[in-house]
Amino acid sequence: MKRNIQTYDEKDSRIDYGVIFPVLVLALISIATLLATTYFQVSQGSLRPALLQVAWYVVGTIAVVVIMQFDSEQLWKLTTWAYFIGLGLLVAVLFLYDRETAILTGARSWFSVGSISFQPSEIVKISYILMLAKVVTQHNVATKRKTTRTDFMLLCKLILWALPPLALVILQNDLGTTLVFISILGGILIMSGITWKILLPLILTVAAVGALLIYLVVYNRQILLSLGFKNYQFGRIDSWLDPYRDQAGDGFQLFQSLKAIGSGQITGKGFGVSEVYVPVRESDLIFATIGENFGFIGGCILILVYFILIYQMIRVCFDTKNEFYTYIATGVIMMILFHVVENIGMTIGLLPLTGIPLPFISQGGSSLLGNMMGIGLIMSMRYHYKSYIFEDKEERAL
């Protein structure tokens, strides 16, 4: 018989402050940067973006508290329902997308109600991670003897479950989110234990396809246009390869971003001092504000905070020793890591521009909520792992 006789200290230790602290630091950086970008920088600036970000952080915190109440068994039961509900949202947005946003961005991935817009794919990332984690865990539990054949079956299962959301996101014409979904799948594939006899040819094939795409982009774009690629996507690649060639056209965003970051030098110009105009610097290119205000040192400190957050998530994963949780953590880590690498990389010219926000920093409620839900899953691991330890102690004491 199990009885709940935990002390206050035991209950308190179930909360992982090692994960909470870097998220709190990122939240403060986000709000301060939005104030610098939308309030202090512009005459008669508005507090609305920063206040909205605070409101979304409140909603995200509630989501974290709710999600961490679910243990692995409850998450397991909810996963399939969450996956198909997510597919329903991705189908719905193809028909009910916000027309004005689609004209501006070219992506049919946003619902809009009044002045509030919402991107369902950001939330679907969580159900997608849960489903892939469940597929791997189910397969490994059912497999008595691991062989190349069983590994190939696992690969097929993962691809089959990943294809529907991937296809729907591609139909939304949202390249950035598509790449995030692919990175999550790639991370879970590598962690799933599939033999390198299968993974290596797969990686080489992906690399060959990538090389072919680069060749076609440079020498024969007509083929890609016939396959559905858009001219604005080629413009982003051109500006990435040579941001100084068309400074007033396709290369304008990247050129201004590089100019802002470069002008910040080592220590930056100071909080709220943003003298270089950068489009969408409150969302996708917010790192340009950090670079201009706080310089190289400020950018390095931000990257260090992300490193601490990811390290803490990996540590929780190793401590819990729960296979289902391990794959969930892999998906969440890949989601956040890809966002960080791609966003900062594109802002400093190392990667092509995509619509990828900087996690916990960029303005955007749906992105922030999706990331906070991922944190909720990580918090759930520590919360219930501690609970199980305390229950075992109680049983031995009794």
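Select Trp161 to begin: at 29% relative accessibility, this residue is partly exposed (buried means under 20% relative accessible area, exposed over 50%, partly exposed in between, with a 1.4 Å probe and protein chains only). You are looking at a predicted model, where local features need pLDDT of at least 70 and side-chain atom pairs count only at pLDDT 80 or more, while totals for chains, interfaces and linings use all residues. Residues are numbered from 1 along each chain as its sequence is written, and side-chain values use heavy atoms, leaving out hydrogens and water.

How many aromatic pairs does the structure hold? There are seven, where rings of Phe, Tyr and Trp (its six-membered ring) pair if their centres lie within 6.5 Å, and planes under 30 degrees apart count as stacked, over 60 as edge-to-face and the rest as tilted. Phe84 and Trp161 make an edge-to-face pair, 6.3 Å centre to centre with 70° between the planes. Phe84 sits in helix 4 (residues 72-96) and Trp161 in helix 7 (residues 148-171), so their pair ties together parts 77 residues apart in sequence. Helices here are DSSP runs (H or I, at least four residues), numbered from the N terminus. Show Tyr83 too: ring pairs link Tyr83, Phe84 and Trp161 into a cluster.

Next, select Tyr128 and Phe181. Both are buried.

Finally, colour by pLDDT, the predictor's confidence in each residue, from 0 to 100. The protein's mean is 85, and 91% of its residues reach 70 or more. Over residues 1-9, however, pLDDT is below 50. Where pLDDT is low, the predicted coordinates should not be read in detail.

Methods
Helix = DSSP H or I, 4+ residues; strand = E, 2+ residues; numbered from the N terminus. Contact = heavy atoms within 4.5 Å.
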